[in-house]
Amino acid sequence: MNIILLGPPGAGKGTQAEKLVAERGMIQLSTGDMLRAAVKAGTPAGLQAKAIMDKGGLVSDAIVSALIGERLDETKSKEGRGGAIFDGYPRTQAQAEALDFILAERGRKLDHVIELVVDEEALVERVVGRFSCANCGAGYHDTFKMPKVADTCDVCGHHEFKRRPDDNEETVRTRMEEYHAKTAPILPYYEERGLVKRVDGMAEMAAVSKEIAAILDSETVAS
Ligand code: AP5
Ligand code: MG
């Protein structure tokens, strides 16, 4: 099973991917996470990406598609049970075409493109309030998902948390503009193949997960 989670910043792609990993043994392939790791490690791709990410622009198609291909090969042995979730990739028509090529080369295909449909004004609050465990990366939110015990990660018990440098209102608005200009226009490419399923991303997290589970448990559509 190979699925894409598509939606603007804060739509819940990472939140839902985390659940699918925990509950179905799927592998999450988030180009945002890969780029943040590259920035932290100071790799050439990371150095090139940092300034673009801090402003909310899109990193080059060649860099992100290369990251996806490499990661897909690295994680192949671990995803026997569940398959792959593409989170935040593809984001342009060129990336959508590259993904088809990357999958075909490996004898794989897409099963579903799940669009998280959201009210964008509410997303600013979601993104600006987001933080995560500095140790294991578990996601939290100032209003919607605080740790059960104050200052303690529910998953690993760590006490330090971090916030993303691009989670400020100005950058979020630029990220949304990029989504409308370059990412939303790839939906017809998948609609033509009958792959797009829409989910109400404004529902509670558990309800969103339930809708996604129903899609994954339904019969898959051939591409
Ligand atoms: P990336 O890391 O992919 O960021 P994004 O697309 O802007 O999306 P987010 O991670 O902000 O949101 P999300 O949908 O994962 O929401 P989440 O689940 O965390 O990309 C960052 C940057 O990297 C880009 O701007 C670009 O520069 C670069 N980049 C990455 N991929 C690229 C590519 N392919 N090509 C080029 N450049 C690329 O949820 C948000 C918050 O809301 C959380 O706190 C969560 O707890 C809460 N929440 C989630 N769901 C709900 C719900 N249903 N109800 C209430 N709260 C909720
Ligand atoms: Mg994310």
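This is a predicted model: local features need pLDDT of at least 70, side-chain atom pairs count only at pLDDT 80 or more; totals for chains, interfaces and linings use all residues.
**Ligand 1 and its shell.** Select ligand 1 and show the residues around it, which number 33. Those that come nearest are Thr15, Gly57, Arg91, Arg130 and Arg175. By class, the shell holds 13 nonpolar, 11 polar and 9 charged residues.

**Polar contacts.** Zoom in on Thr15, where a polar side-chain atom sits 2.5 Å from an oxygen atom of the ligand. Move to Arg175: one of its polar side-chain atoms is 2.6 Å from an oxygen atom of ligand 1. Next pick Ala203, where a polar backbone atom lies 2.9 Å from a nitrogen atom of the ligand. Switching to a surface view, note that the protein covers 95% of the 1,000 Å² of accessible area that ligand 1 has on its own.

**Elements around the ligand.** Colour helix H1 (13–24), helix H2 (31–41) and strand E6 (139–141); each gives the shell at least two residues. Which element supplies the largest share? Helix H2 does, with 4 residues.

**Cysteines.** Now select the cysteine sulfurs. How many disulfides are there? The count is 0, with a pair of sulfur atoms having to lie within 2.5 Å to qualify. Start with Cys153, whose nearest cysteine sulfur belongs to Cys136 and is 3.7 Å away. Cys153 counts as buried because its relative accessibility is 3%, below the 20% limit. Then go to Cys156, where the nearest cysteine sulfur is that of Cys133, again 3.7 Å away. Cys156 has 33% relative accessibility and therefore counts as partly exposed.

Terms used: Residues are numbered from 1 along each chain as its sequence is written. Chains are lettered from A and ligands numbered from 1 in the order in which they are written. Side-chain values use heavy atoms; hydrogens and water are left out. A residue is near a molecule or strand if one of its heavy atoms lies within 4 Å of it. A polar contact is a pair of N or O atoms within 3.5 Å; within protein, one must be able to donate a hydrogen and the other to accept it, and residues adjacent in sequence count only if both atoms are side-chain atoms. Accessible areas come from the Shrake-Rupley method with a 1.4 Å probe; for residues, only the protein chains shown count as cover. Ala, Val, Leu, Ile, Met, Phe, Trp, Tyr, Cys and Pro count as nonpolar, Asp, Glu, Lys and Arg as charged, and the others, Gly among them, as polar. Buried means under 20% relative accessible area, exposed over 50%, partly exposed in between (1.4 Å probe, protein chains only).
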